[in-house]
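Hello,

Here is the structure I promised to pass on. Please open it first, then read my notes below.

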Amino acid sequence: GMNGFVPKPIDFAVLAKEIGRVRREGRCLRLLLAEDNELNREIAAELIRADGQQVDAVENGRQALEAYLNAPDGTYDAILLDLRMPVMDGIEATGIIKEEFPQIRILILTTYDEDDYAFDGLARGASGFLLKDATPRQLRDAVHAVYNGDAILTPRITGEVINRGVRTISDNARIKLLRGLFNSLSKREH
């Protein structure tokens with residue numbers, strides 16, 4: 001049966017996780033955004049502000065790096081970096097920032113789903129990739145997901161990550177891995 005919105009019997013691990021999620025989502029996040037295209041930068045910043053979050057916007061990866069390094073610890077909850085920018089791109093900035101500050105979450109914004117840069121970004125510590133044609137809701141959800149420690153990948157990149165990782169293991173291990181991934185999906189995702 002149901003007791004309010006909590007299923008009976010109460011799973012305290014699930015309840016604690018849900019309470020934590022609600023608390024985190026209710027908090028105003030402070031974000032750093034680097035995007036070289038002025039119109040895209042302004043649109044993304046306005047979408048973030050419309051969601052009730054705070055954002056500082058800069059033009060390139062070097063400015064993002066400088067802003068992050070010059071800010072007091074804990075100023076930013078997450079960083080959004082355009083993949084391709086002059087002066088310093090999002091991948092290079094990700095690598096430098098994550099080397100010194102591994103706890104910060106970084107979301108790379110990209111125009112193309114098929115960028116091999118995605119794998120470089122993941123190797124350097126990016127928490128995920130979001131296509132620039134994302135809806136405002138998808139942008140909001142991605143920012144919150146990355147802040148909460150989840151990874152965001154497009155379906156094509158997810159498939160490629162699985163293929164690249166699965167190719168190097170035995171058939172039994174591959175079956176176990178794929179079965180585990182399938183079982184971790186919600187019924188809606190099956």
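**Aromatic residues**

Tyr68, Tyr76 and Phe101 together form one aromatic cluster. Keep in mind that this is a predicted model. Searching the whole structure gives two aromatic pairs. One of them joins Tyr68 and Phe101: the ring centres are 5.1 Å apart and the planes meet at 80°, so this pair is edge-to-face. The cut-off for that label is over 60 degrees. Tyr68 is buried, because its relative accessibility is 10% and the limit for buried is under 20%.

Next, look at Thr75. This residue belongs to the loop that runs between helix H3 (61-70) and strand E5 (78-82). Is Thr75 buried or exposed? Its relative accessible area is 19%, so Thr75 counts as buried. A polar atom of the Thr75 side chain lies 2.5 Å from the backbone oxygen of Pro72.

**Arg105**

Arg105 is in strand E6, which covers residues 105-110. Its relative accessibility is 29%, so Arg105 is classed as partly exposed. Which residues does Arg105 touch, leaving aside those up to four places away in sequence? They are Asp77, Ala78, Ile79, Ser127, Val146, Tyr147 and Gly149. Take Val146 from that list. Along the chain, Arg105 and Val146 are 41 residues apart, yet their C-alpha atoms are separated by 6.2 Å.

**On the surface**

Leu39, Ile43 and Leu47 make a nonpolar surface patch of about 260 Å². Leu47 is part of helix H2, residues 38-50. Leu47 has a relative accessible area of 32%, so this residue is partly exposed.

**A backbone angle to check**

Where is Val87 found? Val87 is in the loop between E5 and H4. Its phi is near 70°, a positive value in a residue other than glycine. Val87 counts as exposed, because its relative accessibility is 59% and the threshold for exposed is over 50%.

That is what I have for now.

Best wishes

Notes. Residues are numbered from 1 along each chain as its sequence is written. Side-chain values use heavy atoms; hydrogens and water are left out. Patches are made of residues with over 30% relative accessible area and no salt bridge: like charges are joined within 9 Å, nonpolar side chains (Val, Leu, Ile, Met, Phe, Trp, Tyr) within 5 Å. Accessible areas come from the Shrake-Rupley method with a 1.4 Å probe; for residues, only the protein chains shown count as cover. A salt bridge is a side-chain nitrogen of Lys or Arg within 4 Å of a carboxyl oxygen of Asp or Glu. Helices (H or I, at least four residues) and strands (E, at least two) are DSSP runs, numbered from the N terminus. Buried means under 20% relative accessible area, exposed over 50%, partly exposed in between (1.4 Å probe, protein chains only). A polar contact is a pair of N or O atoms within 3.5 Å; within protein, one must be able to donate a hydrogen and the other to accept it, and residues adjacent in sequence count only if both atoms are side-chain atoms. Contact means heavy atoms within 4.5 Å. Rings of Phe, Tyr and Trp (its six-membered ring) pair if their centres lie within 6.5 Å; planes under 30 degrees apart count as stacked, over 60 as edge-to-face and the rest as tilted.
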